[in-house]
Amino acid sequence: MKTIRFPHPLVLLVGFILLACLLSYVLPTGVFSRHPDAATGRDVVVAGSYHRVPATPVSPLQALVDIPKGMVDAASVIFLVFLAGGAFTVVDQTGALRSGVDWLLRRFQGREAVVIPIISVLFATMGALENMQEEIVPLIPVLLILMRRIGYPALTAAAVSIGSAAVGAAFSPLNPFQVGIAQKLAQLPLLSGGGFRLAFLMLALAIWIAGTVRYALRHRVPPEASAAADPAALTEGRNHGLVLLLLFAAFAFFAYGVLKLGWDFEQMAALFFGLGVVAGLIGGLGLTGTAEGFLAGFRDIAFSALLIGFARAIFVVLEQGQIVDTIVNALSAPLAGLPVTLSALGMIGVHTALHLPVPSVSGQAVLTMPLLVPLSDLIGLSRQVTVLAYQYGAGLCELITPTNGALMAIVAACGVRFDQWWKFVLPLYLLLLALGAVAVVVGIAVGL
C-alpha cells in the first residue's frame with residue numbers, strides 16, 4: 001500500500017492559501033456582530049447575530065499580497081525565532097552545549113530512555129502553563145544534538161517538544177490562552193474543574209510519552225560520537241560552565257517574564273539576543289565570532305521562521321474573504337438538534353474542523369464560546385463540559401494541522417517530512433482524541 005507523501009511544506013502552505021482564495025469565491029460571505037468583553041479584553045461574537053454581507057472575493061493577486069501581510073502579522077514571532085535561533089547557534093559554537101550534553105549522557109548512561117519522559121514532562125508543563133509553541137523553535141538544535149548523541153531519530157526532538165507542549169496545553173487545567181479565556185467567556189470560575197482536567201492530563205501525557213519512547217526505541221540508530229568543536233569558533237580558556245550557567249539563568253528569567261511579567265514575543269526575543277551576545281563573549285568567540293555565529297543561526301533557521309508567516313497568511317485570506325464566520329455558523333448550527341451527549345461529542349468535531357481555518361486557539365475560543373455556551377444552556381449541557389469539548393477539539397488539532405506555523409517550523413527544523421510526522425502522530429492523536437471524548441462523557445455523567 002502506497003503511503004501518503006505530503007508535498008514540500010512551502011508548497012503545502014501556498015496550496016492552502018490558494019484554496020482559501022478559491023473558497024472566498026464559493027462560500028457565502030457573512031459575519032457575526034461583535035462587542036468588547038471586559039473579562040477577556042477581546043471582541044467576542046454575539047450569539048444569533050450572523051448575517052450575510054456583500055461578497056468580498058480575494059483575487060489570486062491579493063492572495064499573493066497576503067503572504068507578506070501574513071508575515072507582518074506574525075513578525076514578532078518570526079523575529080523571536082530568528083534572534084533566538086542565532087543565540088543558540090552562538091552558544092553551540094562555544095562548545096558549551098555539546099559539553100553539557102556529554103555531561104548529561106554520562107549521568108544517564110544505561111538509562112537513556114528516561115531522557116524522553118523528563119524532557120516531555122518539562123515541555124508539557126510549559127504547554128500547560130503558557131501554551132508554549134513558537135518559543136520551542138530555537139530550542140530544536142539543542143534537542144537534536146541530544147537525541148542524535150543517544151541514537152534516537154530526529155523526529156523524537158519534535159515529539160518531546162512541540163508534541164508534549166501541545167498535549168499539555170490541550171489537557172491543561174490552567175492554560176490562560178485556552179481554558180482561561182474559554183472559562184471567562186463561559187462565566188465559569190477560573191481553575192474550576194481543575195482536578196478533573198489534571199487527572200486526564202496525566203493519562204494523556206502517559207499515552208504520549210509511551211508512544212514517543214516506543215517510536216524512539218524502535219528506530220534507534222548507533223549514537224553519534226561527540227563532535228570536536230570547530231577550532232575557528234573556539235578560543236583557549238573558554239568556560240563552558242559559565243556559558244551553561246548563563247543559559248539556565250536566561251531560561252529561568254524567560255519563565256519568570258512570561259508567567260509573571262506578561263512578556264510578549266518582543267521581550268523574549270530581546271532576552272535571547274542578549275543571551276547570545278554575552279555567551280559569545282564569555283565563550284571566547286569575540287565580537288566578530290559572535291556576529292558570525294548569529295549570521296549562521298539566521299541562515300539555519302530562516303526557512304522554519306518564514307513558514308510561520310506563510311501559515312498566518314491562510315487566515316488573512318479567509319478573513320479578507322469574510323468566510324470565517326460563515327464556516328463557524330455552518331458547523332455549529334446543526335448541534336442544536338442532537339441529544340446532549342452527541343451534541344457534546346459533536347462540539348469536539350466542530351472545534352477540530354474549525355482549527356484548520358482558525359489556527360489560533362485563543363481566537364477560536366473568542367469566536368465559538370459565545371455561540372456554543374447559549375446552545376449548551378438550551379440543551380442542558382454543562383458549560384464546563386462545553387469548555388472541555390473546545391479544549392480537546394482545538395488543542396489536540398495543534399498536533400496535526402499544517403496551518404499550525406510553529407508545528408510546521410519545528411518539523412522542518414528537524415529535517416523531517418510532514419508525512420513522516422503524520423505517520424508517527426496520527427495513531428497517538430486518535431488515542432488522545434478518544435481519551436478526550438471519554439472525558440467529555442464522564443464529565444456529563446458526574447455532573448461536572
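**Entry 1**

Where is the place of leucine 191? I found leucine 191 in the loop between α8 (176–185) and α9 (194–218). A reminder to myself before going on: this is a predicted model. I stopped at leucine 191 for its positive phi of about 70°, although the residue is not a glycine. I then looked up its accessibility: leucine 191 is exposed, with a relative accessible area of 53%.

I went looking for another such case and noted glutamine 322, a residue other than glycine with a positive phi near 55°. Glutamine 322 sits in the loop between α12 and α13 (324–332). At 24% relative accessibility, glutamine 322 counts as partly exposed.

**Entry 1: the whole chain**

Next I stepped back to the overall picture. I have 18 helices and four strands down as the secondary structure of the protein. The C-alpha trace spans about 70 × 50 × 50 Å along its principal axes.

I also looked up how the chain is covered. Of the 448 residues, 55% are buried. The accessible surface comes to about 18600 Å², and carbon and sulfur atoms hold 68% of that. For contacts with a separation of 6 or more, I noted that 80% are between residues 24 or more positions apart.

**Entry 2: the nonpolar cores**

Which residues have the most contacts inside the largest nonpolar core? They are Phe171, Trp208, Leu399 and Trp421, in a core of 134 residues. Helix α12 (residues 286–320) gives the largest share of this core, twelve residues. A second, separate core has 15 residues, including Ile181, Ala182, Leu185 and Tyr390.

Leaving out residues up to four places away in sequence, tryptophan 421 touches Leu155, Ala158, Ala159, Trp208, Leu399, Leu407, Val411 and Val416. Two names on that list, Trp208 and Leu399, I had already written down among the residues with the most contacts in the core.

**Entry 3: helix α10**

I checked the length of α10 (residues 240–260) against the helix rule. At 1.5 Å a residue, its 21 residues should span 30 Å, and the end C-alpha atoms are 30 Å apart, which agrees.

Which residues of α10 are buried? My list reads His240, Val243, Leu244, Leu247, Ala250, Phe254, Gly257 and Val258. Seen down the axis of α10, these buried residues fall within an arc of 145°, so they line one face of the helix. On the face turned away from that buried side I found the exposed residues Leu245, Phe248 and Lys260.

I then asked what covers the buried side. The cover over the buried residues of α10 includes α3 (75–93), α4 (96–107), α5 (115–130) and α11 (265–282). Just after α10, glycine 262 takes a positive phi of about 65°.

From α10 I moved on to α4, one of its covering helices. α4 has twelve residues and reaches 17 Å from first to last C-alpha, close to the 16 Å expected at 1.5 Å a residue. Its buried residues are Ala96, Leu97, Gly100, Val101, Asp102 and Leu105. These pack against α3, α6 (140–150) and α10.

In α13 I wrote down Val324, Asp325, Thr326, Ile327, Val328 and Ser332 as the buried residues. Their cover includes β1 (30–31), β2 (34–37), α12, α14 (340–354) and α15 (361–379).

My last stop was helix α2 (residues 60–73), where leucine 64 has its place. Leucine 64 is partly exposed, with a relative accessible area of 49%. Its C-alpha atom is separated by 9.6 Å from that of cysteine 21, 43 residues apart along the chain.

Methionine 71 is partly exposed at 22% relative accessible area. What does methionine 71 touch, not counting residues up to four places away in sequence? I noted Ile78, Leu306, Gly309 and Phe310. The C-alpha atoms of methionine 71 and leucine 307 are separated by 8.9 Å, with the two residues 236 apart along the chain.

Note on methods: Residues numbered from 1 in each chain as written. Predicted model: local features only at pLDDT ≥ 70, side-chain atom pairs only at ≥ 80, totals over all residues. Heavy atoms only, no water. Helix = DSSP H or I, 4+ residues; strand = E, 2+ residues; numbered from the N terminus. Expected span 1.5 Å × (residues − 1). Buried < 20%, exposed > 50% of the residue type's maximum accessible area, 1.4 Å probe, protein only. Arc of directions from axis to C-beta. Contact = heavy atoms within 4.5 Å. Core = buried A, V, L, I, M, F, W, Y, C linked by side-chain atoms within 4.5 Å. Areas by Shrake-Rupley, 256 points an atom, 1.4 Å probe, with all protein chains shown as cover.
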